[in-house]
Structure formats: structure tokens, C-alpha cells
Amino acid sequence: MKNIKIIHGPNLNLLGLRDTQHYGTLSLDELNNRIETAAAEKGATCQIFQFNSEVDIIDTLQKNATCDGIVINPAAFTHTSIAIRDAIEAISAPVVEVHLSNVYKRESFRHVSYTAPVCVGQISGLGWQGYLLALDYLLNLS
Ligand code: DQA
């Protein structure tokens with residue numbers, strides 16, 4: 001059975017309360033329920049993490065270096081963190097970057113992703129569905 005890791009970055013614990021125009025009204029628990037349900041329907045399991053700290057994200061990437069796949073929303077660290085980029089580059093698990101909002105329609109500082117070039121791909125602007133699409137992609141890898 002495939003096991004996919006989901007890593008939510010800083011401030012995503014505030015989903016549903018924070019900037020709902022960009023991030024929607026689902027809470028993190030509701031989003032996680034949808035991800036877990038989708039994984040179960042496809043005969044897979046997933047383990048979900050949310051961290052406000054860069055260190056915890058890096059440690060979790062390293063600990064899961066050889067898992068079946070990782071969906072990561074590095075949140076603001078996307079635009080700042082060479083350390084998270086290096087961690088993704090160093091592991092062999094395929095990593096998909098997801099953003100709820102379309103970062104390319106927003107402030108110019110959000111147009112730069114340090115992490116996307118070392119991910120398999122990036123999904124941006126499809127809201128919570130982006131996570132399910134990334135999960136589907138990883139589960140279909142042979
Ligand atoms: C985000 C976009 C980032 O620019 C922002 O800092 C976030 C959330 C998104 O999911 O759209 O915290 O990653």
C-alpha cells in the first residue's frame with residue numbers, strides 16, 4: 001500500500017480564518033479530511049503534517065527521503081527558503097509543490113519559488129483540489 005506524506009507549511013493551520021479570498025473557507029481539518037478520504041478511496045494511506053518552522057519541514061523531508069511521494073505546500077517558505085529547496089533536492093522521493101492560490105496572480109515576491117525547480121511539478125491556484133490532483137499523480141506513478 002502506498003503511503004504519501006503531506007506537508008503544510010507556516011500559517012496553513014489558520015486556513016478558513018486567514019485571507020479567505022485567496023485561501024478559501026475550508027479549515028485545515030476539513031482539507032485534511034478530504035485528502036485522507038481521497039487516499040483511502042484509492043487504497044492508499046497518507047500522513048499529514050503542518051509546521052510553522054522551517055527546521056521541522058526539513059527534518060520531515062529528510063526522515064521521509066524514500067517514501068512513495070510527498071505533497072508540500074511550503075507556504076511563505078516557497079519564496080525564501082534555499083534550505084527547504086536543498087532538502088527536497090537531496091531526497092529521492094518525488095515531491096509535488098501545491099499552492100491554494102495562484103501565486104502568479106499575486107504580489108511579485110510570490111512569483112519566485114525556490115522550491116519548484118527541484119520538485120516534479122507545481123500546482124498553483126486550484127484551491128484544495130490541487131492537493132487531490134497532486135495525490136492522484138503520485139499514486140499513479142509506478
Ligand atoms: C500559499 C501561497 C504563499 O505565497 C503564501 O505565503 C501562503 C500560502 C498558497 O497556498 O497559496 O502562505 O502557499
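Where is Gly-24 found? Gly-24 sits in the loop between helix H1 (20-23) and helix H2 (28-41); helices (H or I, at least four residues) and strands (E, at least two) are DSSP runs, numbered from the N terminus. This is a predicted model, in which local features need pLDDT of at least 70 and side-chain atom pairs count only at pLDDT 80 or more, while totals for chains, interfaces and linings use all residues. Residues are numbered from 1 along each chain as its sequence is written, and side-chain values use heavy atoms, with hydrogens and water left out.

**Gly-24**
- Gly-24 is partly exposed, with a relative accessible area of 26%; buried means under 20%, exposed over 50%, and partly exposed in between (1.4 Å probe, protein chains only).
- Apart from neighbours within four places in sequence, Gly-24 is in contact (heavy atoms within 4.5 Å) with Gly-16 and Asp-19.

**Helix H4**
- Helix H4 (residues 82-90) has Ile-84, Ala-87 and Ile-88 as its buried residues.
- Seen down the axis of H4, these residues fall within an arc of 100°, so they line one face of the helix; the arc is that of the directions from the helix axis to the C-beta atoms.
- An α-helix has 3.6 residues a turn, so residues three or four places apart point the same way.
- Glu-89 and Ala-90 are exposed, on the face of H4 turned away from its buried side.
- The cover over the buried residues of H4 includes helix H3 (54-63), strand S3 (69-73) and strand S4 (95-99).

**Thr-60**
- Thr-60 is in helix H3 and is buried, with a relative accessible area of 7%.
- Leaving aside neighbours within four places in sequence, its contacts are Ile-7, Phe-49 and Phe-51.
- The Thr-60 side chain reaches the backbone oxygen of Asp-56 at 2.8 Å.
- Between the C-alpha atoms of Thr-60 and Ala-87, 27 residues apart along the chain, the separation is 9.6 Å.

**The ligand**
- In the side chain of Asn-73, an N or O atom is 2.8 Å from an oxygen atom of the ligand.
- For His-99, a polar side-chain atom lies 2.8 Å from an oxygen atom of the ligand.
- For Arg-110, an N or O atom in the side chain is 2.8 Å from an oxygen atom of the ligand.
- Taken alone the ligand exposes 320 Å², and the protein buries 99% of that, by the Shrake-Rupley method with a 1.4 Å probe.

Notes
Polar contact = N/O pair within 3.5 Å; in protein donor to acceptor, adjacent residues only side chain to side chain.
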